[in-house]
Amino acid sequence: VDAANGLKKVVLKGPQGASAEVYLHGAHVTSWKSSAGEELIFVSKKAVFKPPKAIRGGVPVCFPQFGGFGPLQQHGFARNSAFEVVSGSADSVTLALRPDEEQLKLFQHDFLLKVMVTVGADRLEQRLSADNTGSGPLQFTTALHTYYTIDSIHNVRIEGLAGREYLDNLADKRRCTEAAPDVRFAGEVDRIYLDVPGPLRIMDGSSRGAIEVVRENLPDAVVWNPWIDKAAGMPDFGDEEYQTMICLEPAVAGSGPVELAPGATWTGAQVLSLDRLGGSKQL
Ligand code: TA6
């Protein structure tokens, strides 16, 4: 139990000092530390650890809805729900959620969502599985809404999105094409890149190295930085914190939804790794 906020969390220990932390509330990862002890995940200093409020930062599990793509609250209710521990070991934990009767009133499909988090040497794996335990088809959109801590928003760049189409959330989800070789930030960015193949890489310009993001069954990639005005409008986010964070969110969003027949299972995953040499590689 985290002494600071009374919420239950699981601490995972990987090789050579690597570690991660996952709150049962929302199956919410709030820390991933490299084998050198560097914190790679951003959590706002003003985050509210009071269910059902989602923790600002870490990796909110957006399920069974990403964003406003449907009738539920923004990003669905999984991130605001209490998960149960299904199994665990020193470096891995599996948490599960079934909708309660309140939630079933809103979302009339029974499901079993499992979130498995495993920490390795400079590696974090987060795997989702959704079972359709109901009698009708289960449809959902989803995202691993990952907040990364970075050296400076002025130096960070994301590789792997060149030439890809995206929906611009700042322009009524207008369909655009990424013309730049890599994505940089000079203002608020809120884009859903669609059907992006291959790994993505975050270089923050520091000597920390590149973070590589490999996705399985999460074809879209959401990129977000609130910048100054949106940051000022979020009570659980510091006014200056936009300068040291970005969100890169593997998702089934714009190219969704997933449709599952009764009894079927969907799995998706993100595998994050810190590539120490990759940061300095100039492309
Ligand atoms: O990251 C994409 C996004 O949908 C943004 O539009 C912004 O709303 C962000 O998620 C945060 O949403 P939240 O509900 O956690 O404040």
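## Ligand Site and Open Sheet in a Predicted Model

An oxygen atom of the ligand is 2.9 Å from an N or O atom in the side chain of His 145. The protein covers 81% of the 390 Å² of accessible area that the ligand has on its own. The structure described here is a predicted model.

His 145 belongs to the set of residues around the ligand, which also includes Arg 56, Gln 74, His 75, Arg 79, Asp 190, Val 222, Trp 224 and Glu 249. The ligand takes up the space of the largest pocket.

Which side chains place a polar atom 3.0 Å or 2.8 Å from an oxygen atom of the ligand?

| Residue | Distance from a polar side-chain atom to an oxygen atom of the ligand |
|---|---|
| His 75 | 3.0 Å |
| Arg 79 | 2.8 Å |

Nine strands form an open sheet in the order 5-6-7-8-22-18-17-12-15, and their pairing is antiparallel. Which strands lie at the edges of this sheet? They are strand 5, covering residues 84–88, and strand 15, covering residues 182–183; each of them pairs on one side only.

At the strand 15 end of the order, the partner is strand 12, residues 157–159. Strands 12 and 15 run antiparallel and are joined by two bridges. Within this pairing, Ile 158 is positioned opposite Val 183 of strand 15.

Terms used:
Residues numbered from 1 in each chain as written. Predicted model: local features only at pLDDT ≥ 70, side-chain atom pairs only at ≥ 80, totals over all residues. Heavy atoms only, no water. Near = heavy atom within 4 Å. Polar contact = N/O pair within 3.5 Å; in protein donor to acceptor, adjacent residues only side chain to side chain. Areas by Shrake-Rupley, 256 points an atom, 1.4 Å probe, with all protein chains shown as cover. 1 Å grid on protein atoms, 1.4 Å probe; cavity = no way out; pocket = protein on both sides within 12 Å on 5 of 7 lines; lining within 4 Å. Sits in = over half its atoms within 2 Å of the grid points. Pairing = 2+ DSSP bridges. Helix = DSSP H or I, 4+ residues; strand = E, 2+ residues; numbered from the N terminus.
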